[in-house]
Amino acid sequence: MWRNITWRIAMIVFLTAAAAAVLAPSLTEKIPASWRDPMPKINLGLDLQGGVFLRLQVEIDKAIENTTQRYADEARAVVRDKGLPVLGYKRTSAESFSLAFPPGEFAGKALELLKEEFPSLDVTLGEVKPEGASVVAKMKEAEVQAIRMNAVGQGVETIRNRIDQFGVREPQIVAEGDDRIVVQLPGVKDQQRAIELVGKTALLEFKLVDEGASVEEALKGNLPEDSQLLYQKSADPASGRIAKTPIVVKKRSLLTGDTIKTAKVSFGGQAGGAYVSISFDSRGARIFDRVTAENVKRRLAIVLDDTVYSAPVIQERISGGEAQITGSFTAEEASDLAIVLRAGSLPAPVKVIQNVTIGPSLGEDSIRKGIRAAIIGALLVVGFMGFYYRFSGMVANFAMLFNVLFLLAGMAAFSATLTLPGIAGIILAIGMSVDSNVLIFERIREELRSKKAVRPSIDAGYDKAFVTVVDTHVTTLITAIILFQFGTGPIKGFAVSLSMGVAINLFTALVCTKVVFDYLNAKKPMKTLSI
């Protein structure tokens with residue numbers, strides 16, 4: 001018997017030491033860095049350490065328009081590559097566009113070619129006139145529905161990639177409904193920078209500057225059909241004032257950012273400040289090589305979200321697949337730009353419909369109130385158990401301390417995020433830890449009333465209460481798992497602390513308290529039990 005008791009005590013001592021070692025780095029900085037730094041820690045949630053809360057609306061219709069535009073550009077490139085002249089292009093709706101061809105068989109050949117190349121489009125012959133004919137292409141309904149369904153999911157993944165590279169720990173990024181995304185960034189204080197990083201569409205395009213177009217006429221609204229008016233922003237180094245210079249560029253994108261392999265911040269160069277160095281994958285490198293070879297001595301505009309960052313003159317063919325985005329960047333702005341380029345562009349623009357900054361002082365107040373509530377609750381429970389069950393009640397209180405220690409250590413081991421609802425889950429777990437002992441002690445009392453000896457009464461009490469204790473914990477655990485699976489943010493925090501507390505409570509209630517009674521009985525058989 002002593003062997004069995006010794007083994008259980010050794011296990012409890014080992015788990016206690018391990019839990020203290022894991023938990024210490026989360027509680028104090030006054031321990032060696034070699035111990036503190038590599039250990040996982042409990043992270044504080046948005047409601048406890050402050051941060052930024054954003055609710056974004058995904059403009060899904062814009063995603064459909066962007067896809068239609070991309071199909072139109074690709075369709076024009078395909079028919080031109082086959083030697084078919086295109087007189088013009090027009091978008092007829094958010095989901096369709098038409099290409100105009102001169103008289104002859106050009107429209108018919110383009111019709112067959114586009115049907116073969118673009119199975120996602122319904123391609124039909126449009127108007128046939130003496131001056132020419134048109135071909136109309138419309139996205140199929142299945143394609144449109146796929147874009148609608150994927151826009152939010154892709155947006156969540158893109159924003160998560162950006163935030164991960166931004167260095168925020170334990171961010172919460174989840175879809176809400178059909179067209180919204182909720183972003184929680186604990187510890188972030190610069191709300192404006194977070195909004196710009198998360199909300200930037202980051203559609204990078206390389207377009208030729210339309211040298212033949214007049215900027216003055218463009219400002220009056222007189223633009224060539226295949227050109228558009230954009231602005232190049234530049235900051236005055238002395239005053240910091242932002243100047244906007246109009247520039248006319250071709251609508252057609254020669255290369256887009258989806259071929260970017262890497263993007264990083266560099267310093268120096270011609271401007272002497274920060275700039276972003278980018279390199280393309282093999283496909284992008286081939287396209288960039290061809291574009292620069294065909295347009296030597298022409299200006300190539302680098303456009304991000306319809307803003308021109310630079311428009312250098314191509315001096316010579318550029319092979320190797322590397323380019324630079326220069327501008328009036330600060331190091332911070334260049335870093336954010338590199339992040340969004342590496343993480344990819346959003347499938348559709350997002351609009352911030354709610355932004356809340358939670359100050360650290362509010363979080364400190366929440367922590368203080370939460371700890372105060374936990375201490376008051378624990379003291380009341382300790383007092384009641386000591387008063388009602390006397391010595392046995394103090395054994396239950398002893399198990400409760402282990403429950404809290406193991407629970408916090410478990411959260412630290414998994415780097416769980418502690419939120420205000422999470423503190424509520426811990427308090428609930430404290431209550432459940434003594435509730436299990438109440439069930440056991442009442443069974444022991446019944447056995448003692450039937451005039452049984454102490455030791456058989458204790459064994460019978462634990463045996464009879466075992467099924468009930470396990471049953472209540474399993475049902476609570478199932479509830480916690482469901483909350484974790486379908487809940488978001490703080491609800492998940494509550495589910496994590498509750499589920500861990502329930503699992504640990506089974507151990508402390510059935511093992512930690514029992515070993516105390518077994519030890520006392522083994523040392524000297526008990527004639528009475530204070531319960």
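Contact, as the word is used here, means heavy atoms within 4.5 Å. Helices (H or I, at least four residues) and strands (E, at least two) are DSSP runs, numbered from the N terminus.

The structure is a predicted model, in which local features need pLDDT of at least 70 and side-chain atom pairs count only at pLDDT 80 or more, while totals for chains, interfaces and linings use all residues. Residues are numbered from 1 along each chain as its sequence is written, and side-chain values use heavy atoms, with hydrogens and water left out.

Taken as a whole, the chain has 14 helices and 19 strands. Its C-alpha trace spans about 110 × 55 × 40 Å along the principal axes, and its radius of gyration is 34 Å, whereas a compact globule of 531 residues would have one near 24 Å. That radius is taken over C-alpha atoms, and the globule rule is 2.2 Å times the number of residues to the power 0.38. Of the 531 residues in the chain, 44% are buried. Among the contacts with a separation of 6 or more, 68% are between residues 24 or more positions apart.

The accessible surface of the chain comes to about 27100 Å², and 57% of it belongs to carbon and sulfur atoms; such areas come from the Shrake-Rupley method with a 1.4 Å probe, and for residues only the protein chains shown count as cover. As for charge, the chain has 61 positive and 56 negative side chains, with the centres of the two sets 9 Å apart. In this count Lys and Arg are positive and Asp and Glu negative, while His and the chain ends are not counted, and the place of a charge is taken as NZ of Lys, CZ of Arg, CG of Asp or CD of Glu.

Where in the chain does S227 have its place? S227 belongs to strand β10, which covers residues 227-235, and it counts as buried because its relative accessible area is 3%. Its side chain makes a polar contact of 2.5 Å with the side chain of D210. A polar contact is a pair of N or O atoms within 3.5 Å; within protein, one must be able to donate a hydrogen and the other to accept it, and residues adjacent in sequence count only if both atoms are side-chain atoms. Leaving aside neighbours within four places in sequence, S227 is in contact with D210, V248, V249, K250 and K251.

Strand β12 (residues 255-256) contains T256, which is partly exposed, with a relative accessible area of 25%. Not counting residues up to four places away in sequence, T256 touches L204 and E205. The C-alpha atoms of T256 and I287 are 10.0 Å apart in space, and the two residues are 31 residues apart in sequence.

Q145 counts as partly exposed because its relative accessible area is 36%, and D164 is partly exposed at 47%. From Q145 to G422, 277 residues along the chain, the C-alpha atoms are separated by 39 Å, while D164 and V516, 352 residues apart in sequence, are 48 Å apart, C-alpha to C-alpha.

The backbone also deserves attention. Most residues other than glycine have a negative phi. R390, in helix α11 (residues 360-413), is not a glycine and yet has a positive phi of about 50°; R390 is partly exposed, with a relative accessible area of 46%. K451, in the loop between α12 (420-449) and α13, likewise is not a glycine and has a positive phi of about 70°, and K451 is exposed, with a relative accessible area of 77%.

Helix α13 itself covers residues 454-486 and includes F486. F486 counts as exposed because its relative accessible area is 68%, and its C-alpha atom is separated by 55 Å from that of E294, 192 residues away along the chain.

Notes:
Buried means under 20% relative accessible area, exposed over 50%, partly exposed in between (1.4 Å probe, protein chains only).
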